[in-house]
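Please keep the structure open while reading.

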Amino acid sequence: MKINPPMLLKISKSYLKLIKGDNLPRYHFQRLFGTHFFHTETPTTNSIIDASSMDSNNFQKKATDSTLVSKIILYSFWKSSCSWRVRFALNLKGLSYEYRAVNLDKGEQFTSEFDKLNPLHYVPVLVDGDVVISDSYAILLYLEEKYHQRPLLPVEPQLRALNLQAASIVSSNMQPLHMLSVLRYMEERVGPEEKQLWAKFHIQKGFGALEKLLTGSAGKYATGKEVYMADVFLAPQIAVATKRFNINMSEFPTLRKIYDSCKALPEFQASLPERQPDAAL
Ligand SMILES: N[C@@H](CCC(=O)N[C@@H](CS)C(=O)NCC(=O)O)C(=O)O
């Protein structure tokens, strides 16, 4: 973008208001000139976690100003990888939320109360004030649009598309093929062994594509040195694939490296299934 003198004046005025703590010009500034101006920013009024003092054991309790916050509620199941993506993203953005457990093993997704939130009967569901969203991909994009701290998509269009593509491979071409209801159906109609083979086949196919897709772009994380949406989708998928389906990640060295980087993050550690209030170990 070419910056002319009137624009420069506008930027300076916005900047002055911004550093005085006014969040509205900050928003317009971001829309005009990109979120990366704020990559190391402090949380907005909607963010109540003190990101500078992160503690993976006590992640959601570090409220700094709860009076300014619209309460976010996450309907989640500890073992659900789709819920895990959202927990990881909320932690990365430093957003505190109330955890409401939906036990998929006990069929709690089929209650009439939950049906009102998601007639498909899947977790996660995110409620933010009047907004109800029942799909992890849509939730991630919503969080990205509404809460600008710690962007989960890069500004550069090609890298942005790469993140969306990687996330989409996980959420469209992998996880739906090994979700609980699909595997139950397979087991009943085809058999327990075929069920496992089916899941493994589709997971390996997806990882094979992702390995090729990300080899050129990957650094510490999937698309470079920052953690973004591709990582948020990939890391829980890899965890589930290795633990539940015995997938050997040595065939996918790029993905394994990305996973190792995510595992070291306190925001990821706090999102681990075994750290959730409904974890039954
Ligand atoms: N596209 C949805 C898929 C959600 C989904 O498949 N959730 C799984 C848990 S990871 C679920 O609720 N399964 C319940 C079932 O299969 O009955 C998303 O990304 O949120």
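**Helix packing and sheet**

1. α6 and α8 are roughly antiparallel to each other. The model is predicted, so treat this and every point below as a reading of a prediction. The axes of α6 (residues 157-174) and α8 (residues 192-215) cross at roughly 170° and come within 10 Å. An angle over 145 degrees counts as roughly antiparallel. On the α6 side, the contact uses Gln165, Ala166, Ile169, Val170, Asn173 and Met174. On the α8 side, the partners are His202, Ile203, Gly206, Ala209, Leu210, Leu213 and Leu214. By class, this contact has 9 nonpolar and 4 polar residues, with no charged ones.

2. The sheet is open and has 4 strands. Their order is β2-β1-β3-β4, and the pairing is mixed. β2 and β4 (131-133) are the edge strands, each pairing on one side only. From one strand to the next, the twist averages 15°.

3. Take the parallel pair. β1 (residues 72-76) and β2 (residues 98-101) run parallel and are joined by 4 bridges. Tyr75 stands opposite Arg100 of β2. Between these two strands the chain passes through α3 (residues 81-92). This β-α-β crossover is right-handed.

4. Now the antiparallel pairs. β1 pairs with β3 over 4 bridges, in the antiparallel sense. Leu74 has Leu126 in β3 as its bridge partner. β3 and β4 also run antiparallel, joined by 3 bridges. Leu126 has a bridge partner in β4 too, namely Ile133. Val127 stands opposite Val132 in β4.

5. What lies between β3 and β4? The hairpin has 2 residues between the strands. In this hairpin Gly129 takes a positive phi, near 65°.

6. The peptide bond leading from Val123 to Pro124 is cis, with omega near 5°.

7. How do α3 and α5 lie, parallel or antiparallel? Their axes come within 9 Å and cross at roughly 10°. That makes the two helices, α3 and α5, roughly parallel. From α3, the contact takes Cys82, Arg85, Val86 and Ala89.

8. Last, the pair α9 and α10. Which way do α9 (residues 229-245) and α10 (residues 253-263) cross? Their axes come within 9 Å, at an angle of roughly 100°. α9 and α10 are therefore roughly perpendicular to each other. Asp231, Leu234, Ala235 and Ile238 of α9 meet Leu255, Ile258, Tyr259 and Cys262 of α10. This contact has 7 nonpolar residues and 1 charged residue, with no polar ones.

Terms used
Residues numbered from 1 in each chain as written. Predicted model: local features only at pLDDT ≥ 70, side-chain atom pairs only at ≥ 80, totals over all residues. Pairing = 2+ DSSP bridges. Right-handed = clockwise from strand over helix to strand, strands pointing away. Axes fitted to C-alpha atoms, helices over the stretch in contact; angles between N-to-C directions. Parallel < 35°, antiparallel > 145°, perpendicular 65-115°, else oblique. Contact = placed C-beta atoms within 7 Å. Nonpolar A, V, L, I, M, F, W, Y, C, P; charged D, E, K, R; others polar.
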